[in-house]
Structures are given as structure tokens and as C-alpha cells.
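Morning, everyone. Please have the sequence and the model open while I talk. I will go through a few residues, then the rings, then the charged pairs.

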Amino acid sequence: MMQERITFNGATIKQPIKFDPNFASTSSEDSGNTIDGTMHNTVLFTKESFNAEFSDLTLEEMSLILQQVVGKNQFMMHYLSPYYGKWRDDYFYVAEGSLTTGTWKVNEEKWESLSFSVVGVNKIL
């Protein structure tokens, strides 16, 4: 069986050196602590997200990744979900990222790094 890989919109990308999962829950307005310090929490939904970091990218690798995620309302990502315990496809978006310049030597151009957070469009809970 072939090793599965992270893809963006079906495009095979250079794999990240880090792909750290996160989750965040949004609670109802009436959630909070009572005077005795007891928390009363009503979770409305929870979303999955990942901090992605890439390194040593060629111009072509950088361009392919950025064209899949920048300025998009959403994109399809194939990824390994710790919540679902399997490789799956779902929609995500990127709101902000950063790049670090490597070398601009002719015919050897490289970017040192690219990092961004991908946030799930759909709730997991």
C-alpha cells in the first residue's frame, strides 16, 4: 500500500516538516462561571485546525502551495485526522501565513520556510 500524503485540492505538495493539530470549541453566550466558581459550559461546536510548516521550498513548490490556499474561501485538504483516527478529506481555509527568504541565486532560487494555520470549515463536534 502506498503511503498517503497531504494534498491541497488534489495537488500533491511537498510535505510539511511540521503539521501540528489543534482544536477550538466555541461556547454559547450563557456559558461561564457562577459566583461559587462552578463552570457552566455549553459547547456549540468544535473545529479542527493544524499549524503547517514547510522548509527549503523551490519556487515551483512554494507557488503550488500558495496557489492552492491563498485568497480562497476554502480548499479541500487530504490529511491525517487525530480526531477521526484516519486519513480523510475536508474543507479548510488559511487566513494568514508567513514566508522566509532563502536564496535568490539565478536558477537556484529557494524559500527557507513557509508557515500558516489551516482551519476547518466544518465542525468536528
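Let's start with S81. Leaving out residues up to four places away in sequence, S81 touches E48, K86 and R88. Keep in mind that this is a predicted model. Where is S81? Look in strand β7. Is S81 buried or exposed? Its relative accessible area is 1%. The cut-off for buried is under 20%, so S81 counts as buried. The side chains of S81 and E48 make a polar contact of 2.7 Å.

Next stop, D89. You will find D89 in strand β8, which covers residues 86-103. How accessible is D89? The relative accessibility is 45%, so D89 counts as partly exposed. Now set aside the neighbours within four places in sequence. D89 is then in contact with M76, M77, H78 and Y79. Pick out H78 from that list. The side chains of D89 and H78 are joined by a polar contact of 2.6 Å. One more distance for D89.

Now the rings. A pair of aromatic rings is described by two things: the distance of the centres and the angle of the planes. How many aromatic pairs does a search of the whole structure find? The count is 9. I will show two.

F50 belongs to strand β6, residues 43-58, and Y79 to strand β7, residues 75-81. The pair links distant parts of the chain, 29 residues apart. Both F50 and Y79 are buried.

Then take F54 with F116. Here the centres are 5.7 Å apart and the planes are at 35°, so the pair is tilted. F54 lies in strand β6 and F116 in strand β9, residues 110-120, so the pair ties together parts 62 residues apart in sequence. F54 is buried, and F116 is buried too.

R88 lies over the face of Y84, 3.9 Å from the ring centre.

That brings us to charged pairs. Side chains of opposite charge can pair when their charged atoms come close. The search of the whole structure finds 3 salt bridges.

Stay with R88. Its side chain meets that of D90 in a salt bridge, at 3.1 Å from N to O.

Move to D56 and K110. Their side chains form a salt bridge of 3.7 Å, N to O. D56 is in strand β6 and K110 in strand β9, so this pair links distant parts of the chain, 54 residues apart. D56 is partly exposed, at 41% relative accessibility. K110 is partly exposed too, with a relative accessible area of 28%.

Last, E108 and K105. Their side chains meet in a salt bridge of 3.9 Å, N to O. E108 has a relative accessible area of 43%, so E108 is partly exposed.

Definitions and conventions
Residues numbered from 1 in each chain as written. Predicted model: local features only at pLDDT ≥ 70, side-chain atom pairs only at ≥ 80, totals over all residues. Heavy atoms only, no water. Helix = DSSP H or I, 4+ residues; strand = E, 2+ residues; numbered from the N terminus. Buried < 20%, exposed > 50% of the residue type's maximum accessible area, 1.4 Å probe, protein only. Contact = heavy atoms within 4.5 Å. Polar contact = N/O pair within 3.5 Å; in protein donor to acceptor, adjacent residues only side chain to side chain. Phe/Tyr/Trp six-rings, centres within 6.5 Å; stacked < 30°, edge-to-face > 60°. Lys NZ or Arg CZ within 6 Å of the ring centre and 35° of its normal. Salt bridge = Lys/Arg side-chain N within 4 Å of Asp/Glu carboxyl O.
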